[in-house]
Amino acid sequence: MTSRHSFDRVERSIFLHFLRVMILTYTPTQQSGLLNFCAVALALNDLGYQAVGIRIDSGDLAYLSCLARETFERVAERFKVQWFNKLTIVASNDINEETILSLNEQGHKIDCFGIGTHLVTCQRQPALGCVYKLVEINGQPRIKLSQDVEKVTMPGHKNAYRLYSSDGHALIDLLQKVSETPPEVGQKVLCRHPFQESKRAYVIPSRVEPLYKIYWQNGKITQKLPTLELVREKVQKSLKTLRNDHKRTLNPTPYKFAISQVSVSDNLYNFIHDLWLQNAPIGELS
């Protein structure tokens, strides 16, 4: 084999690979694009190459995806190429959560969504505000006081637990002092809003999940970090424990009985307010 022949083979291989990749990002239109894709994909099939799929990046995404899937199924039957039924349909074009919900209602045939802008930039909250609050120094609890109750911190070292109902749904997240006995299955627990005295409820959990885990301490990793796959699996399992009314897009029911963003034990509630009164300045009137 001459170097020219060898080069031709490499050149053809690169060209065919480029075609295969190009087809993956080809934009179909009813007039020509979709039919051209099918023609090129069939030609590649005769050469031993299998196309991956198409990308729709404009127009009526739901309608075009249904049209493409119907066309693929007809081609699969007509030319006896069953893998055509499984061609991937990818959709992009500034897709966000509302777009996907709308497409679901329209009965689309899209296999994969290409989300870019709305994935790397949260339109509803483009900046995530995080503040570090000190709650303990050398074993001594510390509290931050503010006229804005939401900025008052909950002092001391705490543990966190998620309490579940008998049907498996998450009921409430509970904070306790580390010195307190953890909540037990079947035992009544008084859960309180940390700052509103009248908001409280008894909870009898059917399952108790400890939420506080230490992965970093004294400058060292204390346990093996989970893989991205395990994190994704845990998130999906956690979402399944929420009731549907908590997860709906329009007017969702606040989680945790609407008691608060987090509830505290009766012991921790009293501790917070005792420390609050001890440190709050007393005004003078004259």
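Modeller: Let's begin with a definition: helices (H or I, at least four residues) and strands (E, at least two) are DSSP runs, numbered from the N terminus. By that reading, the chain has 8 helices and 13 strands. This is a predicted model, where local features need pLDDT of at least 70, side-chain atom pairs count only at pLDDT 80 or more, and totals for chains, interfaces and linings use all residues. Residues are numbered from 1 along each chain as its sequence is written, and side-chain values use heavy atoms, with hydrogens and water left out.

Colleague: How many strands are in the open sheet that includes β1, and what is their order?

Modeller: First the general idea: two strands pair if DSSP finds at least two bridges between them. Here 3 strands make an open sheet in the order β1-β2-β3, and the pairing is parallel. β1 and β3 (112-113) are the edge strands, each pairing on one side only. Between β1 and β2 there are 4 bridges in the parallel sense, and Arg-55 stands opposite Val-90 in β2.

Colleague: And what is the order of the sheet with 6 strands?

Modeller: That open sheet runs β9-β8-β13-β7-β6-β10, with mixed pairing. From one strand to the next, the twist averages 35°. For angles, axes are lines fitted to C-alpha atoms, for helices over the stretch in contact, and the angles run from 0 to 180 degrees between N-to-C directions. Strand β8 (residues 189-192) pairs with β9 in the antiparallel sense over 4 bridges, and Leu-190 stands opposite Tyr-202 in β9.

Colleague: Which helix packs on that sheet?

Modeller: Contact means heavy atoms within 4.5 Å. Helix α8 (residues 266-279) packs on the sheet and touches β6 (158-164), β7 (170-177), β8 and β13 (263-265), with its direction at about 95° to that of β13.

Colleague: How do I read a nonpolar core, and which residues have the most contacts inside the largest one?

Modeller: In soluble globular proteins, nonpolar side chains tend to be buried together. A nonpolar core is a set of buried Ala, Val, Leu, Ile, Met, Phe, Trp, Tyr and Cys residues joined through side-chain atoms within 4.5 Å. Buried means under 20% relative accessible area, exposed over 50%, and partly exposed in between (1.4 Å probe, protein chains only). The largest core here has 26 residues, and those with the most contacts inside it are Phe-37, Ile-54, Leu-61, Phe-72, Phe-84 and Leu-87. Two or more residues come from each of α2 (33-46), β1 (53-56), α3 (61-79), β2 (88-91) and α4. It is α3 that gives the most, with 8 residues. Leaving aside neighbours within four places in sequence, Phe-84 is in contact with Cys-38, Ala-41, Leu-42, Arg-69, Phe-72, Val-75 and Ala-76. Apart from this core lies another, of 13 residues, including Val-152, Met-154, Leu-175 and Phe-195.

Colleague: Back in α3, is Tyr-63 buried or partly exposed?

Modeller: Tyr-63, which is found in helix α3, is partly exposed, as its relative accessible area is 42%. Tyr-63 and His-108 are 45 residues apart in sequence and 7.1 Å apart in space, C-alpha to C-alpha.

Colleague: What follows helix α4?

Modeller: Gly-107 follows α4, and its phi is positive, near 70°.

Colleague: How much of the whole chain counts as buried?

Modeller: Of its 286 residues, 31% do.
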